[in-house]
Amino acid sequence: MSSLKSQTQAKVDAGRKNNPAFMEGVDREIEKARTFQQGEKALDINCTAPDFTLPSATGELFQLTEALNKGAVVLTFYRGSWCPYCNLQLNTAKYQWRN
């Protein structure tokens, strides 16, 4: 099985070939994110995340502290089935979790 990085790069390469106008838009958004220094206020490793409550994919409320009382939490933001990068990440994580 190839790495997530190589699978992602293959998706990017295919996207550039099949839909260059879309990928130009993606490149512009990535550059905007770099310009705005997204992640500048991200938590450092071993820092405690602030508590939050968000709706789950099924509409139920998810509260971080409640989930942490049950064990470790892995949080990912899934934009939708239309996002090849989200699907690659989830499929890779699912495969690694099972093994």
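Analyst: A search of the whole structure, which is a predicted model, finds one aromatic pair, where rings of Phe, Tyr and Trp (its six-membered ring) pair if their centres lie within 6.5 Å, and planes under 30 degrees apart count as stacked, over 60 as edge-to-face and the rest as tilted. The rings of F52 and F62 have their centres 6.1 Å apart and their planes at 35°, so this pair is tilted. Because F52 sits in the loop between α2 and β1 (53-55) while F62 belongs to strand β2 (residues 61-63), the pair ties together parts that are ten residues apart in sequence; helices (H or I, at least four residues) and strands (E, at least two) are DSSP runs, numbered from the N terminus. F52 is partly exposed, with a relative accessible area of 22%, and F62 is likewise partly exposed, at 27%, where buried means under 20% relative accessible area, exposed over 50%, and partly exposed in between (1.4 Å probe, protein chains only).

As for helix α2 (residues 20-35), its 16 residues should span 22 Å at 1.5 Å a residue, and its end C-alpha atoms are 22 Å apart, which agrees; the expected span is 1.5 Å times one less than the number of residues. Just after α2, Q37 takes a positive phi of about 55°.

Residues are numbered from 1 along each chain as its sequence is written, and side-chain values use heavy atoms, with hydrogens and water left out. In this predicted model, local features need pLDDT of at least 70 and side-chain atom pairs count only at pLDDT 80 or more, whereas totals for chains, interfaces and linings use all residues.
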